[in-house]
Every structure is written in C-alpha cells, then in structure tokens.
Amino acid sequence: MKADGSVVAWGSGDYGGDCSQVQAQLAVDVQHIYSTESAFAALKAGGSVVAWGSKGSGGDTSKVESQLVDVRVIYSTTTAFAALLSDGNHGIVVAWGTNVEAAKALALKHLTDSRTDARPI
C-alpha cells in the first residue's frame with residue numbers, strides 16, 4: 001500500500017500477486033490490507049472491501065459483495081476473511097472464502113473481547 005492509499009501487487013496471481021482485475025478499485029482510499037494464505041482484501045475509506053487472489057482463499061467477494069457495506073475491520077484465517085460491520089449493524093459478521101465458520105468465530109471472539117470490561121478488581 002502506498003502513501004496515497006493506492007495498492008500495487010506483484011508475484012504469482014495464484015497467491016494474490018496480480019490485482020489487475022481490481023486495480024481501478026485500488027487506485028485510491030485504501031486504508032488497510034489483510035491477507036489469507038493466497039488472497040488479499042483491502043478495506044477502503046467508507047467501509048467498502050476489494051478482494052483479489054485465490055477465490056477459494058477469499059479472493060472473490062461476489063457472493064457477499066452486497067453485504068460488505070460499512071465494514072469496520074476485517075479478520076482472516078488461512079483460507080477465509082470475515083468482515084465486522086459497524087456498530088450500527090449490531091456486530092454483524094460477513095465471511096467469504098473456505099471454512100468461513102472459523103473466520104466468523106475469530107471475528108466474534110475479537111468483538112466479544114473488545115466489549116469485555118477488563119479493569120482489575
């Protein structure tokens with residue numbers, strides 16, 4: 001990720017090194033990049049998500065794209081992503097890739113941990 005919020009990728013397309021299919025969407029406003037073993041997901045300003053790489057490892061959001069709005073943070077496993085939507089959506093998690101249940105569990109664990117009051121007694 002470059003300082004201007006654009007993304008450049010290189011390497012094997014099988015492992016997310018080729019982002020040419022989504023390059024226009026990665027030209028500006030990328031805030032964070034997340035990865036699985038062979039895919040990447042970019043969280044953009046405004047809460048949208050752009051993914052590329054191996055479809056089985058989360059490089060294809062087509063089945064959940066309409067749900068990926070107002071994303072706050074993304075969590076990843078080796079083969080899936082899970083997006084935690086903003087608090088206005090009451091902690092809704094949207095996952096894609098392979099073994100999405102593990103990715104959802106990871107996101108929900110972080111959500112639960114962040115809401116736990118951990119002050120010493």
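## Pocket

A pocket is an open set of points on a 1 Å grid over the protein atoms alone, with protein on both sides within 12 Å along at least five of seven lines; lining residues have an atom within 4 Å of a point. Volume is the space filled by probe spheres set on the points. This is a predicted model: local features need pLDDT of at least 70, side-chain atom pairs count only at pLDDT 80 or more, and totals for chains, interfaces and linings use all residues. Residues are numbered from 1 along each chain as its sequence is written, and side-chain values use heavy atoms, without hydrogens and water.

The largest pocket holds about 170 Å³ of space. Of its 13 lining residues, Gln21, Ala51, Trp52, Gly53 and Gly59 are the closest to its centre. The lining comprises four nonpolar, five polar (Gly among them) and four charged (Asp, Glu, Lys and Arg) residues.

Three strands (DSSP runs of E, at least two residues) form an open antiparallel sheet in the order 1-2-3. Strand 1 (30-35) and strand 3 (49-53) are the edges, each with a single partner strand, so one side of each lacks a neighbour in the sheet. Neighbouring strands are turned by 20° on average, direction ignored (axes are lines fitted to C-alpha atoms).

## Pairing

Strands pair if DSSP finds at least two bridges between them. Five bridges join strand 1 to strand 2. Tyr34 stands opposite Ala41 in strand 2. A three-residue hairpin links these strands.

Strand 2 (residues 39-44) also pairs with strand 3 over five bridges. Phe40 has Trp52 as its bridge partner, and Ala39 faces Gly53. Four residues lie between these strands in their hairpin, where Gly46 has a positive phi near 95°.

Methods
Axes fitted to C-alpha atoms, helices over the stretch in contact; angles between N-to-C directions. 1 Å grid on protein atoms, 1.4 Å probe; cavity = no way out; pocket = protein on both sides within 12 Å on 5 of 7 lines; lining within 4 Å.
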